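Take a look at the model before reading on.

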Amino acid sequence: MSLRIGDDAPNFTADTTEGEIDFHSWLGDSWGVFMSHPADFTPVCTTEIGRVANLKDEFQSRNAKALVISVGTKEGLTPLESHKAWIKDVNETQNATVDFPIVEDPDKKIADSYGMIHPNASDTLTVRSVFIIGPDKKVKLIISYPASTGRNFFEILRVLDSLQLTSNYQVATPADWQNGQDCIVVPAIATADIPSKFPKGHTVVKEYLRTTPQPNL
Ligand code: BEZ
């Protein structure tokens, strides 16, 4: 059975470009964004790794840590040697400083435990999976992109914002919501209780659709 939203994020211990980590301990109280890359030294992946490095402040301000796994490594190098050599290229070509861990997974056990290998796409390489993991170590989001499409990291940051608003303020976010726009009061809150919980005001569009200004602004 593949991993689903709400499941415990599988823990693992692994060597990474930043030293050995126990995934759950490394996350601590942070949110995690765990991403698979098909292979080192490939063009789309190179732009993605650089992008994540250049969004460091955005991840930090959301108390989120990025972690990357790539199972396709360069022949003749150990997985860690391959990752480290690739990071040099990423830093050079993407004007970046990669300082988040890239995990080695020579037997693909970690990639398998997250269902990152989709055998009908490739038996040996991962697709571009994204898992957002909450401080409770539960899976909050799963997205899979094909190898040929680089991820939209603004979307990943947007989902982090939405998840954190839900967790902190009991609001959901509507279609295409962007930071600063009105939110939706979750159905579990009775309309009579909205004024005390959302002092900025609210609108009852329908009994089941109540909006309020974004509470953390
Ligand atoms: C890339 O990162 O450019 C890539 C990797 C695997 C297949 C296609 C593209």
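A charge sits over a ring if NZ of Lys or CZ of Arg is within 6 Å of the ring centre and within 35 degrees of the ring normal. The model shown here is predicted.

**Charges over rings**

Lys65 lies over the face of Trp26, and the distance to the ring centre is 4.9 Å.

**Rings against rings**

The structure holds 7 aromatic pairs.

| Pair | Centre to centre | Angle between planes | Type |
|---|---|---|---|
| Phe34 and Tyr114 | 5.0 Å | 85° | edge-to-face |
| Tyr114 and Phe131 | 5.1 Å | 75° | edge-to-face |

Why are these pairs edge-to-face? Planes over 60 degrees apart count as edge-to-face. Phe34 and Tyr114 have their planes at 85°, so the pair meets that cut-off. The planes of Tyr114 and Phe131 are 75° apart, so that pair is edge-to-face too.

**Where the rings lie**

Phe34 is in strand E3 (residues 31–37). Tyr114 is in the loop between helix H5 (109–113) and strand E6 (128–133). The pair links distant parts of the chain, 80 residues apart. Phe131 lies in strand E6, so its pair with Tyr114 ties together parts 17 residues apart in sequence.

Buried or exposed? Phe34 has 0% relative accessibility, so it counts as buried. Tyr114, at 2%, is buried as well. Phe131 is also buried.

**The cluster**

Ring pairs join Phe12, Phe23, Trp26, Phe34, Tyr114 and Phe131 into a cluster.

Conventions. Residues numbered from 1 in each chain as written. Predicted model: local features only at pLDDT ≥ 70, side-chain atom pairs only at ≥ 80, totals over all residues. Heavy atoms only, no water. Phe/Tyr/Trp six-rings, centres within 6.5 Å; stacked < 30°, edge-to-face > 60°. Helix = DSSP H or I, 4+ residues; strand = E, 2+ residues; numbered from the N terminus. Buried < 20%, exposed > 50% of the residue type's maximum accessible area, 1.4 Å probe, protein only.
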